[in-house]
Amino acid sequence: MGLKPKKALETLAVSTIIVLPNDTNTIGNMMGGRLLHHLDVVGAIAAHRLCNRVVVTAAVNNVSFNQAIKLADIVTLEAKVSRSFTTSMEVCIDVYVENHANGAKTKCNEAIYTFVAVDQIGSPIAVPEVIPETPLETERYKAALRRRQLSLILAGKLKPDDATELKSLFSKP
Ligand SMILES: CC(C)(COP(=O)(O)OP(=O)(O)OC[C@H]1O[C@@H](n2cnc3c(N)ncnc32)[C@H](O)[C@@H]1OP(=O)(O)O)[C@@H](O)C(=O)NCCC(=O)NCCS
């Protein structure tokens, strides 16, 4: 029997943290590695919500530290599965910082992780499909195929010649 597809929104995982002194470097910025840890955890929860299985991190595809996060900032991480393939799931995570005075949230960072669902002996197992609904979910769903091909090329698991989706970006119409 096929696995029941889920809406991207059903995979939403949200985590809110406050930056404490032990999270920062000597100029009061949150350490990148500390943020990576929180991204990994919230991303894994989103992936888990799609497949309800144990998931492992297969790749950190992209993390952009666009804006420094400072000591005492309140940080919210919002993760959703953007697309699933056979056993792997791409998760996009948006990071927001909250203004202390008015509570307004500003997006400061973005990350993309790949998780794989595994069974009790660590072998990959099939996951349900994701249904994108919003324009952003649809855009991320479409682009996920290119990102997957790039990630697999970098990992030495796909030949550049077989990356048809990526190649189409560079071929003339
Ligand atoms: C991730 C892992 C389960 C993949 O197992 P594997 O035997 O290599 O299996 P496969 O090559 O069939 O890959 C399984 C899926 O992962 C995807 N994948 C593997 N490496 C990938 C990468 N670098 N980028 C994107 N996707 C990747 C494959 O495309 C495949 O996806 P699909 O089934 O949706 O097509 C295995 O490498 C592993 O357990 N790694 C360690 C995970 C871990 O401990 N993470 C924490 C790090 S401390």
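Visitor: What am I looking at, and how is it numbered?

Guide: It's a predicted model, where local features need pLDDT of at least 70, side-chain atom pairs count only at pLDDT 80 or more, and totals for chains, interfaces and linings use all residues. Residues are numbered along each chain as its sequence is written, from 1.

Visitor: Where does α2 bend?

Guide: Take axes fitted to the seven residues ending at a residue and the seven starting there; the bend is the angle between them. For α2 that angle is about 35°, at Ala144.

Visitor: Is Ala163 buried, exposed or partly exposed, and which residues does it touch?

Guide: Buried takes 20 or more other C-beta atoms (placed from the backbone) within 10 Å, exposed 12 or fewer, and partly exposed falls in between. Ala163 has 18, so it is partly exposed. Leaving out residues up to four places away in sequence, with contact set at C-beta atoms within 7 Å, Ala163 touches Gln149, Ile153 and Leu158.

Visitor: Which strand gives the most to the shell around the ligand?

Guide: In total, 18 residues surround the ligand, counted when the C-beta atom lies within 6 Å. β3, β6 and α2 each supply at least two. The top contributor, with 4 residues, is β3.

Technical notes
Two residues are in contact if their C-beta atoms, placed from the backbone, lie within 7 Å.
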